[in-house]
Amino acid sequence: MNQKIAFYLLSIIAIFFIGYNYSQFNIEPAKPEIITINNNDEVEKHKSSILSLQLQLEELNNQLILRLTNSNQPHKNSTFLQQDSGS
């Protein structure tokens, strides 16, 4: 009976010792790891592509504005025929 009690007592002490050491290990804050990704070339390509698309959009916008202003101006040489519905 004494061996059984001694075994349980040593087991409980071992469990508490392991738990205490494990809890002390996890108290320390995690050290942050900085990972640098060298994707400067891809970023520059993307920026260049965006700039190119913005310039194309601006050019098309200017063309649209010019065509709309030209279509809204009356032409001096054109004559419009009016049809009289009553005569």
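This is a predicted model: local features need pLDDT of at least 70, side-chain atom pairs count only at pLDDT 80 or more; totals for chains, interfaces and linings use all residues.
Residues are numbered from 1 along each chain as its sequence is written, and side-chain values rest on heavy atoms, with hydrogens and water left out. The mean pLDDT (the predictor's confidence in each residue, from 0 to 100) is 81, and 79% of residues reach 70 or more.

The chain contains two helices and zero strands, assigned as DSSP runs numbered from the N terminus (helices H or I, at least four residues; strands E, at least two). Of its 87 residues, 0% count as buried; buried denotes under 20% relative accessible area, exposed over 50% and partly exposed in between (1.4 Å probe, protein chains only). The chain exposes about 9,600 Å², of which carbon and sulfur atoms supply 60%.

Leu10 lies in helix 1 (residues 2-27) and is exposed, with a relative accessible area of 58%. Together with Leu9 and Ile13, Leu10 forms a nonpolar surface patch with about 320 Å² of accessible area. Such patches comprise residues with over 30% relative accessible area and no salt bridge, nonpolar side chains being joined within 5 Å and like charges within 9 Å; a salt bridge places a side-chain nitrogen of Lys or Arg within 4 Å of a carboxyl oxygen of Asp or Glu.

A search of the whole structure identified one aromatic pair (ring centres within 6.5 Å; planes under 30 degrees apart stacked, over 60 edge-to-face, the rest tilted). The ring centres of Phe7 and Tyr8 are 6.0 Å apart and their planes stand at 55°, so the pair is tilted. Phe7 is exposed at 54% relative accessibility, whereas Tyr8, at 47%, is partly exposed.

Methods:
Accessible areas come from the Shrake-Rupley method with a 1.4 Å probe; for residues, only the protein chains shown count as cover.
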